[in-house]
Amino acid sequence: MRRYLLFLLFFAVLLIVGQPALAASPLTLPPGFIDELVVNGLFSPRAFVFAPDGRIFIAERGKASSDDQNFASIRVFKNDALLLTRALELDTCGDSERGFLGMALDPDSANNGYSYVYYTRQATTGAACAFNTYTNPPN
């Protein structure tokens, strides 16, 4: 009986997985909107913010030498071009729901130059991305 149930389960999974994927419907935009590529050449972009002076700061996975998930960069798009030099490179713990998580510009960034980055940093000792870096207290 158990072998029969396993066979049925396997067959059901095979039927579901073997089905062709449904085609996505074409993009429908409201009147007056256009679909246009603005920035190309990024490693897995994660977030972006607009600066008051027209620049776009873009968070991406990886850095100049690697697209590894444990690195992140901030790129700048200025005057219709992606700058070659990264504004910032970070060693992050990028697995699962960690890594480069967000960024924001200070409301007065035009005057003070402040920006904020929210990310999970790598451990300073042990594994780069340890799940539990503290010792459990004794009972």
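A residue is called buried when its relative accessible area is under 20%, exposed when that value is over 50%, and partly exposed in between. Arg 86, with a relative accessible area of 15%, is therefore buried. Keep that scale in mind as we walk through this structure, which is a predicted model.

Let us start with the overall layout. The chain contains two helices and seven strands, and from the N terminus on they follow the order α-β-β-β-β-β-β-α-β. Of the 139 residues in the chain, 23% are buried.

Now return to Arg 86 and look at its surroundings. Side chains of opposite charge can pair when their charged atoms come close. Arg 86 forms a salt bridge with Glu 60, and their closest N and O atoms are 3.0 Å apart. This pair links distant parts of the chain, since Arg 86 sits in the loop between strand E4 (81-82) and strand E5 (88-91), while Glu 60 belongs to strand E2, 26 residues apart. Glu 60 has a relative accessibility of 0%, so this residue counts as buried.

A salt bridge joins Glu 60 to Arg 75, with 3.3 Å between the closest N and O atoms. Here too the pair links distant parts of the chain: Glu 60 lies in strand E2 (residues 56-61) and Arg 75 in strand E3 (residues 71-78), 15 residues apart. Both Glu 60 and Arg 75 are buried. Through shared partners, the salt bridges join Glu 60, Arg 75 and Arg 86 into one network.

The count of salt bridges comes to three, and one of them is formed by Arg 55 and Asp 53, whose closest N and O atoms are 2.8 Å apart. Arg 55 has a relative accessible area of 28%, so this residue is partly exposed. Asp 53, at 53%, is exposed.

Next, find Ala 51 in the loop between E1 and E2. Ala 51 counts as buried because its relative accessibility is 10%. Leaving aside neighbours within four places in sequence, Ala 51 is in contact with Phe 57 and Leu 105. Ala 51 and Ala 110 are 59 residues apart in sequence, yet their C-alpha atoms are 7.8 Å apart in space.

Aromatic rings come next. The structure holds one aromatic pair, made by Phe 48 and Phe 50 in an edge-to-face arrangement, with 5.5 Å from centre to centre and 90 degrees between the planes. Both Phe 48 and Phe 50 are exposed.

Our last stop is on the surface. Leu 27, Leu 29 and Phe 33 make a nonpolar surface patch of about 330 Å². You can find Leu 27 in the loop between helix H1 (2-17) and strand E1 (45-50). With a relative accessibility of 60%, Leu 27 counts as exposed, whereas Glu 60, at 0%, counts as buried.

Conventions:
Residues are numbered from 1 along each chain as its sequence is written. This is a predicted model: local features need pLDDT of at least 70, side-chain atom pairs count only at pLDDT 80 or more; totals for chains, interfaces and linings use all residues. Side-chain values use heavy atoms; hydrogens and water are left out. Patches are made of residues with over 30% relative accessible area and no salt bridge: like charges are joined within 9 Å, nonpolar side chains (Val, Leu, Ile, Met, Phe, Trp, Tyr) within 5 Å. Accessible areas come from the Shrake-Rupley method with a 1.4 Å probe; for residues, only the protein chains shown count as cover. A salt bridge is a side-chain nitrogen of Lys or Arg within 4 Å of a carboxyl oxygen of Asp or Glu. Helices (H or I, at least four residues) and strands (E, at least two) are DSSP runs, numbered from the N terminus. Buried means under 20% relative accessible area, exposed over 50%, partly exposed in between (1.4 Å probe, protein chains only). Rings of Phe, Tyr and Trp (its six-membered ring) pair if their centres lie within 6.5 Å; planes under 30 degrees apart count as stacked, over 60 as edge-to-face and the rest as tilted. Contact means heavy atoms within 4.5 Å.
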